[in-house]
Amino acid sequence: MGTRLLMYLVVIMLGALVGAKASLGDQLKKRLGSIQTSCLLFLLGVMGIKVGMDQGVVDSFFQIGYRAVVMSIFTISFSILGVFLVKRLVTGGGAK
Amino acid sequence: MTIRILLAVVIGALMGMFILPQGTLAYTDLVIDIGLMLLLFFVGIDIGLNRSVFGRIKAIGFRILYIPLAIIIGSIAGSAVAGIILGMPFNEAGAIGAGLGWYTLSSILVATYSSQLSAMAFIANVTRELIAFIIIPTVAKKLGFLEAIAPAGATAMDTGLPIVSRSTDPETAIIAFISGVICTSAVPVLVPLILNL
């Protein structure tokens with residue numbers, strides 16, 4: 001995890017440096033959003049391929065999928081609720 | 001955005017199940033790594049273009065830590081409630097929730113306890129990641145930017161970060177990264193701890 005985390009940090013900082021120092025053309029700045037979205041959808045597609053190709057995951061999903069989905073929905077809902085409450089308590093709901 | 005994300009994942013999964021040859025699997029991790037690095041680079045550019053965010057993050061200070069703490073407590077509480085509904089003991093259900101979306105590690109950590117629970121931890125956390133990808137844009141729009149970090153859990157520092165970044169703003173992206181790092185660090189400690197309760 002350590003090396004990977006460091007790698008992520010270096011890449012983000014490198015990007016931040018380029019964003020802050022390099023004079024990116026207006027055209028590129030405008031297109032940055034759509035480039036990001038295209039890359040993101042491609043990445044998600046590949047992640048979908050990875051899940052779909054893993055026979056173990058597919059089989060397990062059909063066996064215990066319902067229980068797993070219930071578990072995921074509750075963990076996600078309660079974590080959202082947790083952040084919502086913390087935001088209310090700490091900032092009085094003023095933050096975005 | 002949500003529909004496009006859902007379509008990308010579903011089309012990818014269907015291609016993986018029915019169209020692509022099995023050999024493709026060997027290259028998916030490499031493609032994901034390269035794609036992720038590229039996206040994180042773009043997240044960095046966004047942050048660099050909005051330099052004022054660092055001042056605002058500094059102003060928030062240690063209160064940033066409340067976000068991962070709320071995500072961790074919320075996830076464990078949520079899985080415990082789901083455990084009651086599904087008739088699972090607290091330690092088993094709680095351990096799955098404490099995986100915080102990091103499916104590989106959480107399933108390994110649980111494997112010595114029970115192989116069935118290990119499979120459940122894997123699938124539940126894979127599902128959490130997929131559901132997170134799909135709902136983050138809607139949560140950001142309807143509930144708020146900070147709430148949009150929560151579904152990603154530990155993945156807010158890597159695979160979830162580009163979606164949070166696209167759905168919110170550079171300031172939230174930095175908070176998400178910090179939150180993801182803390183959640184990721186907590187998983188190896190929390191899963192065995194809860195499992196042994």
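A crossing of two helices is left-handed if the near helix is turned anticlockwise from the far one by less than a right angle, and right-handed if clockwise. Keep that in mind for one of the views below. The structure is a predicted model, in which local features need pLDDT of at least 70 and side-chain atom pairs count only at pLDDT 80 or more, while totals for chains, interfaces and linings use all residues. Residues are numbered from 1 along each chain as its sequence is written, and chains are lettered from A and ligands numbered from 1 in the order in which they are written.

**View 1. Chain A is built from 3 helices and 0 strands.**
Helices (H or I, at least four residues) and strands (E, at least two) are DSSP runs, numbered from the N terminus. Of the 96 residues in chain A, 34% are buried. Here a residue is buried if 20 or more other C-beta atoms lie within 10 Å of its own, exposed if 12 or fewer, and partly exposed in between, with C-beta atoms placed from the backbone.

**View 2. Chain B has 9 helices and 0 strands.**
From the N terminus on, its elements run α-α-α-α-α-α-α-α-α. With a radius of gyration of 17 Å, close to the 16 Å that the globule rule gives for 197 residues, chain B is as compact as a globular protein of that length. Its C-alpha atoms fill a box of roughly 50 × 45 × 30 Å, taken along the principal axes. Buried residues make up 58% of the 197 residues in chain B. Two residues are in contact if their C-beta atoms, placed from the backbone, lie within 7 Å. Among contacts in chain B between residues at least 6 apart in sequence, 63% join residues at least 24 apart.

**View 3. Here chain A touches chain B, with 61 residues of chain A in contact with 79 residues of chain B.**
On the chain A side, α1 (2–21), α2 (26–53) and α3 each supply at least two residues. The largest share, 27 residues, comes from α3(A). Sorted by class, this side of chain A has 43 nonpolar, 14 polar and 4 charged residues. (Ala, Val, Leu, Ile, Met, Phe, Trp, Tyr, Cys and Pro count as nonpolar, Asp, Glu, Lys and Arg as charged, and the others, Gly among them, as polar.)

**View 4. A:Val86 sits in helix α3 (residues 55–91) of chain A.**
A:Val86 counts as buried, with 22 C-beta neighbours inside 10 Å. Leaving aside its neighbours within four places in sequence, A:Val86 is in contact with B:Tyr66, B:Ile67 and B:Ala70. Look also for A:Ile76, which is 10 residues from A:Val86 in sequence and 15 Å away in space, C-alpha to C-alpha.

**View 5. Helix α6 (residues 103–111) of chain B has B:Tyr103, B:Ser106, B:Ser107, B:Leu109 and B:Val110 as its buried residues.**
They cover an arc of only 160° around the axis, which puts them on the same side of α6(B); the arc is that of the directions from the helix axis to the C-beta atoms. An α-helix has 3.6 residues a turn, so residues three or four places apart point the same way. The cover over the buried residues of α6(B) includes α5 (90–97), α7 (115–142) and α9 (170–195) of chain B.

**View 6. The axes of α6(B) and α9(B) come within 10 Å and cross at roughly 35°.**
This crossing is right-handed. The contact is made by B:Leu105, B:Ser106, B:Leu109 and B:Val110 of α6(B) and B:Val187, B:Pro188, B:Val191, B:Pro192 and B:Leu195 of α9(B). These residues divide into 8 nonpolar, 1 polar and no charged. (Axes are lines fitted to C-alpha atoms, for helices over the stretch in contact, and angles run from 0 to 180 degrees between N-to-C directions.)

**View 7. B:Leu100 lies in the loop between α5 and α6 of chain B.**
Although B:Leu100 is not a glycine, it has a positive phi of about 50°. B:Leu100 counts as buried, with 30 C-beta neighbours inside 10 Å.

Key:
The radius of gyration is taken over C-alpha atoms; the globule rule is 2.2 Å times the number of residues to the power 0.38.
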